[in-house]
Amino acid sequence: MHMTSREIVLLAIAVLAGACFTWFSPWFATADNLLTILRNSSELLLIALGMTLVIAMGGVDVSVGVVMGVAAWGIGQLLMLQSPLLAALAGPLIGLLAGLITALVVIGRIPAIVGTLGLFGVWRTALFVLLGGQWLSGLPGDLTHALMRPLLGLPLMAWLIVAAWALVWLALRHTPYGLWLLAAGNSEEKARLAGIPVTQVRVATFALSGVLCGLAATCYIATYRNVEMTVGGTLALEAIAAVVLGGTRITGGSCSLLGTLLGVLLLRILQNGLLLIGVPSLWQTVVTGAVLLLVLSSEAASGRLLSLRRLA
(Lines give C-alpha, C1' and ligand atoms only; values in the text may rest on other atoms or scores of the structure.)
Protein backbone atom coordinates (compact mmCIF):
# COMPACT_ATOMS: atom_id res chain seq x y z
CA MET A 1 0.00 0.00 0.00
CA HIS A 2 1.59 3.27 -1.11
CA MET A 3 0.56 6.70 0.13
CA THR A 4 -0.80 9.27 -2.30
CA SER A 5 0.25 12.91 -2.18
CA ARG A 6 -3.10 13.77 -0.53
CA GLU A 7 -2.45 11.24 2.25
CA ILE A 8 1.13 12.45 2.77
CA VAL A 9 -0.11 16.04 3.09
CA LEU A 10 -2.79 14.94 5.59
CA LEU A 11 -0.22 13.11 7.69
CA ALA A 12 2.09 16.13 7.61
CA ILE A 13 -0.75 18.47 8.68
CA ALA A 14 -1.68 16.12 11.53
CA VAL A 15 1.92 16.03 12.75
CA LEU A 16 2.24 19.82 12.43
CA ALA A 17 -1.04 20.37 14.29
CA GLY A 18 0.15 18.02 17.04
CA ALA A 19 3.42 19.92 17.32
CA CYS A 20 1.59 23.27 17.57
CA PHE A 21 -0.77 22.02 20.28
CA THR A 22 2.19 20.52 22.17
CA TRP A 23 3.82 23.96 22.13
CA PHE A 24 0.72 25.67 23.54
CA SER A 25 -0.36 22.95 25.98
CA PRO A 26 1.91 20.71 28.09
CA TRP A 27 -0.89 18.14 28.36
CA PHE A 28 -1.36 17.45 24.65
CA ALA A 29 1.60 15.11 24.05
CA THR A 30 1.08 13.05 27.21
CA ALA A 31 0.44 9.33 26.83
CA ASP A 32 -2.98 9.61 28.48
CA ASN A 33 -4.12 12.36 26.11
CA LEU A 34 -2.88 10.57 22.98
CA LEU A 35 -4.75 7.46 24.11
CA THR A 36 -7.83 9.64 24.64
CA ILE A 37 -7.57 10.90 21.05
CA LEU A 38 -7.39 7.32 19.76
CA ARG A 39 -10.28 6.24 21.98
CA ASN A 40 -12.42 9.16 20.82
CA SER A 41 -11.66 8.22 17.20
CA SER A 42 -13.16 4.71 17.46
CA GLU A 43 -16.83 5.33 16.71
CA LEU A 44 -16.08 8.02 14.14
CA LEU A 45 -13.64 5.76 12.27
CA LEU A 46 -16.16 2.92 12.02
CA ILE A 47 -18.91 5.24 10.81
CA ALA A 48 -16.51 7.01 8.43
CA LEU A 49 -15.59 3.63 6.88
CA GLY A 50 -19.22 3.11 5.93
CA MET A 51 -19.53 6.71 4.80
CA THR A 52 -16.49 6.21 2.53
CA LEU A 53 -18.32 3.44 0.71
CA VAL A 54 -21.55 5.41 0.47
CA ILE A 55 -19.84 8.54 -0.90
CA ALA A 56 -17.68 6.49 -3.30
CA MET A 57 -20.96 5.08 -4.63
CA GLY A 58 -22.15 8.62 -5.32
CA GLY A 59 -24.45 8.91 -2.31
CA VAL A 60 -24.41 10.32 1.20
CA ASP A 61 -26.08 9.32 4.48
CA VAL A 62 -26.70 11.99 7.11
CA SER A 63 -28.60 9.60 9.41
CA VAL A 64 -25.62 7.45 10.48
CA GLY A 65 -25.11 9.16 13.84
CA VAL A 66 -28.66 8.63 15.07
CA VAL A 67 -28.65 5.07 13.71
CA MET A 68 -25.74 4.49 16.08
CA GLY A 69 -27.84 6.01 18.87
CA VAL A 70 -30.80 3.70 18.22
CA ALA A 71 -28.47 0.68 18.08
CA ALA A 72 -26.87 1.80 21.36
CA TRP A 73 -30.33 1.91 22.96
CA GLY A 74 -31.02 -1.66 21.83
CA ILE A 75 -27.67 -2.84 23.21
CA GLY A 76 -28.41 -1.11 26.52
CA GLN A 77 -31.81 -2.77 26.86
CA LEU A 78 -30.32 -6.23 26.39
CA LEU A 79 -27.53 -5.50 28.85
CA MET A 80 -30.13 -4.57 31.46
CA LEU A 81 -31.83 -7.92 30.75
CA GLN A 82 -28.51 -9.61 31.54
CA SER A 83 -28.00 -10.85 27.97
CA PRO A 84 -24.44 -9.70 27.12
CA LEU A 85 -24.04 -12.08 24.16
CA LEU A 86 -27.28 -10.89 22.56
CA ALA A 87 -26.27 -7.32 23.34
CA ALA A 88 -22.98 -7.78 21.47
CA LEU A 89 -24.88 -9.08 18.43
CA ALA A 90 -27.67 -6.52 18.67
CA GLY A 91 -25.62 -3.52 17.53
CA PRO A 92 -24.62 -4.84 14.09
CA LEU A 93 -28.05 -6.43 13.58
CA ILE A 94 -29.95 -3.22 14.37
CA GLY A 95 -27.52 -1.33 12.16
CA LEU A 96 -28.08 -3.83 9.35
CA LEU A 97 -31.85 -3.39 9.60
CA ALA A 98 -31.49 0.40 9.58
CA GLY A 99 -29.16 0.20 6.56
CA LEU A 100 -31.68 -1.90 4.64
CA ILE A 101 -34.43 0.60 5.47
CA THR A 102 -32.18 3.40 4.19
CA ALA A 103 -31.58 1.47 0.98
CA LEU A 104 -35.33 0.98 0.45
CA VAL A 105 -35.94 4.71 0.96
CA VAL A 106 -33.25 5.98 -1.42
CA ILE A 107 -33.15 3.16 -3.97
CA GLY A 108 -35.79 4.83 -6.11
CA ARG A 109 -35.76 8.38 -7.38
CA ILE A 110 -35.38 10.04 -3.97
CA PRO A 111 -31.93 11.68 -3.69
CA ALA A 112 -29.87 10.11 -0.90
CA ILE A 113 -29.36 13.45 0.88
CA VAL A 114 -33.13 14.04 1.00
CA GLY A 115 -34.06 10.49 1.98
CA THR A 116 -31.48 10.17 4.73
CA LEU A 117 -32.30 13.64 6.06
CA GLY A 118 -35.88 12.43 6.48
CA LEU A 119 -34.63 9.27 8.18
CA PHE A 120 -32.49 11.41 10.48
CA GLY A 121 -35.68 12.99 11.79
CA VAL A 122 -37.41 9.63 12.11
CA TRP A 123 -34.55 7.95 13.99
CA ARG A 124 -33.98 11.02 16.20
CA THR A 125 -37.65 11.08 17.22
CA ALA A 126 -37.66 7.30 17.74
CA LEU A 127 -34.60 7.54 20.01
CA PHE A 128 -36.23 10.32 22.05
CA VAL A 129 -39.41 8.25 22.49
CA LEU A 130 -37.47 5.07 23.34
CA LEU A 131 -35.45 6.90 25.98
CA GLY A 132 -38.54 8.60 27.37
CA GLY A 133 -36.75 11.92 27.46
CA GLN A 134 -34.10 10.61 29.86
CA TRP A 135 -30.58 9.23 29.62
CA LEU A 136 -30.06 5.49 29.78
CA SER A 137 -27.20 5.31 32.26
CA GLY A 138 -25.46 2.97 34.68
CA LEU A 139 -25.51 0.04 32.26
CA PRO A 140 -23.86 -3.28 33.26
CA GLY A 141 -20.18 -3.52 32.39
CA ASP A 142 -20.21 -6.86 30.57
CA LEU A 143 -19.28 -5.38 27.19
CA THR A 144 -16.74 -3.08 28.81
CA HIS A 145 -14.94 -5.99 30.48
CA ALA A 146 -15.01 -8.05 27.28
CA LEU A 147 -13.87 -5.38 24.80
CA MET A 148 -11.28 -3.75 27.07
CA ARG A 149 -9.58 -7.07 27.76
CA PRO A 150 -5.98 -6.92 26.46
CA LEU A 151 -4.89 -9.09 23.54
CA LEU A 152 -1.27 -8.88 22.35
CA GLY A 153 -0.88 -5.58 24.14
CA LEU A 154 -4.01 -3.91 22.76
CA PRO A 155 -7.65 -3.94 23.94
CA LEU A 156 -9.92 -6.31 22.05
CA MET A 157 -11.89 -3.26 20.86
CA ALA A 158 -8.83 -2.00 18.99
CA TRP A 159 -8.43 -5.35 17.21
CA LEU A 160 -12.14 -5.28 16.35
CA ILE A 161 -11.73 -1.89 14.66
CA VAL A 162 -8.58 -3.02 12.83
CA ALA A 163 -10.44 -6.11 11.60
CA ALA A 164 -13.36 -3.99 10.34
CA TRP A 165 -10.99 -1.66 8.47
CA ALA A 166 -9.09 -4.61 6.97
CA LEU A 167 -12.28 -6.37 5.83
CA VAL A 168 -13.57 -3.23 4.10
CA TRP A 169 -10.15 -2.80 2.43
CA LEU A 170 -10.19 -6.42 1.23
CA ALA A 171 -13.74 -6.03 -0.09
CA LEU A 172 -12.72 -2.96 -2.08
CA ARG A 173 -9.42 -4.30 -3.41
CA HIS A 174 -9.97 -8.03 -3.89
CA THR A 175 -13.66 -8.60 -4.68
CA PRO A 176 -15.91 -7.58 -7.60
CA TYR A 177 -17.83 -5.39 -5.13
CA GLY A 178 -15.03 -2.82 -5.10
CA LEU A 179 -14.99 -2.46 -8.89
CA TRP A 180 -18.78 -2.36 -9.08
CA LEU A 181 -18.97 0.27 -6.30
CA LEU A 182 -16.56 2.66 -8.03
CA ALA A 183 -18.15 2.05 -11.44
CA ALA A 184 -21.58 2.93 -10.03
CA GLY A 185 -20.09 6.03 -8.42
CA ASN A 186 -18.55 7.20 -11.70
CA SER A 187 -21.72 6.69 -13.74
CA GLU A 188 -24.70 4.67 -12.62
CA GLU A 189 -26.15 4.58 -16.13
CA LYS A 190 -22.92 3.29 -17.71
CA ALA A 191 -22.52 0.75 -14.91
CA ARG A 192 -26.00 -0.64 -15.62
CA LEU A 193 -25.24 -0.84 -19.34
CA ALA A 194 -22.06 -2.77 -18.48
CA GLY A 195 -24.13 -5.37 -16.65
CA ILE A 196 -23.19 -4.31 -13.12
CA PRO A 197 -25.96 -5.04 -10.56
CA VAL A 198 -26.17 -1.43 -9.38
CA THR A 199 -29.27 -1.92 -7.22
CA GLN A 200 -27.67 -4.81 -5.34
CA VAL A 201 -24.48 -2.78 -4.87
CA ARG A 202 -26.46 0.12 -3.40
CA VAL A 203 -28.35 -2.15 -1.01
CA ALA A 204 -25.14 -3.91 0.06
CA THR A 205 -23.38 -0.58 0.63
CA PHE A 206 -26.08 0.92 2.84
CA ALA A 207 -26.39 -2.40 4.68
CA LEU A 208 -22.65 -2.54 5.32
CA SER A 209 -22.64 1.07 6.47
CA GLY A 210 -25.46 0.21 8.88
CA VAL A 211 -23.51 -2.75 10.30
CA LEU A 212 -20.53 -0.48 10.91
CA CYS A 213 -22.83 2.02 12.69
CA GLY A 214 -24.06 -0.84 14.90
CA LEU A 215 -20.49 -1.88 15.63
CA ALA A 216 -19.72 1.74 16.54
CA ALA A 217 -22.68 1.61 18.96
CA THR A 218 -21.18 -1.49 20.60
CA CYS A 219 -17.87 0.35 21.13
CA TYR A 220 -19.73 3.40 22.42
CA ILE A 221 -21.64 1.40 25.04
CA ALA A 222 -18.50 -0.49 26.07
CA THR A 223 -16.74 2.82 26.71
CA TYR A 224 -19.40 5.07 28.22
CA ARG A 225 -22.09 2.64 29.48
CA ASN A 226 -24.88 5.15 28.83
CA VAL A 227 -27.04 6.48 25.99
CA GLU A 228 -27.67 10.21 25.75
CA MET A 229 -30.60 11.73 23.87
CA THR A 230 -28.18 13.70 21.71
CA VAL A 231 -25.80 10.80 21.00
CA GLY A 232 -24.36 10.82 17.48
CA GLY A 233 -25.83 14.20 16.58
CA THR A 234 -22.68 15.51 14.86
CA LEU A 235 -21.15 12.19 13.75
CA ALA A 236 -22.54 12.36 10.21
CA LEU A 237 -20.99 15.80 9.62
CA GLU A 238 -17.68 14.63 11.11
CA ALA A 239 -17.70 11.44 9.05
CA ILE A 240 -18.38 13.30 5.79
CA ALA A 241 -15.65 15.80 6.62
CA ALA A 242 -13.12 13.04 7.41
CA VAL A 243 -13.97 11.09 4.25
CA VAL A 244 -13.78 14.08 1.89
CA LEU A 245 -10.68 15.37 3.66
CA GLY A 246 -9.10 11.95 3.12
CA GLY A 247 -9.45 12.17 -0.65
CA THR A 248 -12.71 10.39 -1.43
CA ARG A 249 -14.40 12.39 -4.20
CA ILE A 250 -17.73 13.81 -3.01
CA THR A 251 -19.30 13.03 -6.40
CA GLY A 252 -18.29 9.37 -6.18
CA GLY A 253 -16.10 7.05 -8.21
CA SER A 254 -13.01 7.05 -5.99
CA CYS A 255 -12.11 6.48 -2.36
CA SER A 256 -9.20 6.21 0.06
CA LEU A 257 -9.56 4.19 3.26
CA LEU A 258 -6.13 5.30 4.47
CA GLY A 259 -7.15 8.89 3.75
CA THR A 260 -10.32 8.37 5.78
CA LEU A 261 -8.26 7.08 8.71
CA LEU A 262 -5.95 10.10 8.52
CA GLY A 263 -8.94 12.45 8.16
CA VAL A 264 -10.51 11.03 11.33
CA LEU A 265 -7.28 11.40 13.29
CA LEU A 266 -6.76 14.97 12.06
CA LEU A 267 -10.27 16.01 13.10
CA ARG A 268 -9.88 14.46 16.54
CA ILE A 269 -6.43 16.05 16.99
CA LEU A 270 -7.86 19.47 16.12
CA GLN A 271 -10.86 19.04 18.43
CA ASN A 272 -8.75 17.75 21.32
CA GLY A 273 -6.05 20.38 20.91
CA LEU A 274 -8.50 23.27 20.69
CA LEU A 275 -10.19 22.07 23.87
CA LEU A 276 -6.85 21.88 25.71
CA ILE A 277 -5.87 25.43 24.77
CA GLY A 278 -9.19 26.78 26.06
CA VAL A 279 -11.41 26.98 22.98
CA PRO A 280 -15.02 26.10 24.01
CA SER A 281 -16.24 22.68 22.83
CA LEU A 282 -19.12 24.37 20.99
CA TRP A 283 -16.57 25.53 18.41
CA GLN A 284 -15.56 21.94 17.55
CA THR A 285 -18.56 21.64 15.22
CA VAL A 286 -17.68 25.00 13.68
CA VAL A 287 -14.14 23.77 12.99
CA THR A 288 -15.46 20.54 11.44
CA GLY A 289 -17.86 22.45 9.21
CA ALA A 290 -15.17 24.93 8.21
CA VAL A 291 -12.78 22.11 7.28
CA LEU A 292 -15.49 20.47 5.17
CA LEU A 293 -16.34 23.72 3.38
CA LEU A 294 -12.65 24.45 2.76
CA VAL A 295 -12.04 21.02 1.21
CA LEU A 296 -15.19 21.13 -0.92
CA SER A 297 -14.38 24.65 -2.12
CA SER A 298 -10.82 23.67 -3.06
CA GLU A 299 -12.07 20.58 -4.92
CA ALA A 300 -14.67 22.64 -6.78
CA ALA A 301 -12.00 25.19 -7.73
CA SER A 302 -9.68 22.40 -8.89
CA GLY A 303 -12.48 20.90 -10.97
CA ARG A 304 -13.20 24.23 -12.66
CA LEU A 305 -9.50 24.78 -13.34
CA LEU A 306 -9.23 21.33 -14.91
CA SER A 307 -12.27 22.01 -17.11
CA LEU A 308 -10.77 25.30 -18.29
CA ARG A 309 -7.51 23.57 -19.17
CA ARG A 310 -9.35 20.98 -21.23
CA LEU A 311 -11.19 23.72 -23.10
CA ALA A 312 -8.00 25.69 -23.75
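Me: Is Thr52 buried or exposed?
Reply: In this predicted model, Thr52 is buried, because its relative accessible area is 0%, and its place is in helix H2, which covers residues 31–56.

Me: What does Thr52 touch, leaving out residues up to four places away in sequence?
Reply: With those left out, Thr52 touches Val243, Thr248, Cys255, Ser256, Leu257 and Thr260. As for polar atoms, one in the side chain of Thr52 lies 2.7 Å from the backbone oxygen of Ala48.

Me: OK, switching to charges. How many salt bridges are there?
Reply: The count comes to four. One of them joins the side chains of Glu43 and Arg39, with 2.9 Å from N to O, and both of these residues are buried.

Me: Where do Glu43 and Arg39 sit relative to each other in helix H2?
Reply: They are four residues apart in helix H2, so about one helical turn separates them.

Me: And which residue does Arg192 pair with?
Reply: Arg192 forms a salt bridge with Glu188, and their closest N and O atoms are 3.0 Å apart. Both lie in helix H9 (residues 188–193), four residues apart, about one turn of the helix. Arg192 counts as partly exposed at 41% relative accessibility, and Glu188 likewise counts as partly exposed, at 33%. Glu188 and Arg192 are also linked with Arg202 in a network of salt bridges.

Me: What about Arg268, where is its partner?
Reply: Arg268 forms a salt bridge with Glu238, the closest N and O atoms being 3.3 Å apart. This pair links distant parts of the chain, since Arg268 is in helix H12 (residues 257–276) and Glu238 in helix H11 (residues 235–245), 30 residues apart. Arg268 is buried, with a relative accessible area of 11%, and Glu238 counts as buried too, at 8%.

Me: Now the surface. Which residues form a nonpolar patch there?
Reply: Trp23, Phe24, Trp27, Leu276 and Ile277 form one, with about 650 Å² of accessible area together. Trp23, in helix H1 (residues 5–24), is exposed, with a relative accessible area of 74%.

Me: Last one, the whole chain. How many helices and strands does it have?
Reply: The protein chain has 13 helices and two strands. Its radius of gyration is 20 Å, close to the 20 Å that the globule rule gives for 312 residues, so the chain is as compact as a globular protein of that length. Of those 312 residues, 46% count as buried.

How values were computed: Residues numbered from 1 in each chain as written. Predicted model: local features only at pLDDT ≥ 70, side-chain atom pairs only at ≥ 80, totals over all residues. Heavy atoms only, no water. Patch = residues over 30% accessible without salt bridge, like charges linked within 9 Å, V, L, I, M, F, W, Y side chains within 5 Å. Areas by Shrake-Rupley, 256 points an atom, 1.4 Å probe, with all protein chains shown as cover. Buried < 20%, exposed > 50% of the residue type's maximum accessible area, 1.4 Å probe, protein only. Rg over C-alpha atoms; globule rule 2.2 N^0.38 Å. Polar contact = N/O pair within 3.5 Å; in protein donor to acceptor, adjacent residues only side chain to side chain. Contact = heavy atoms within 4.5 Å.
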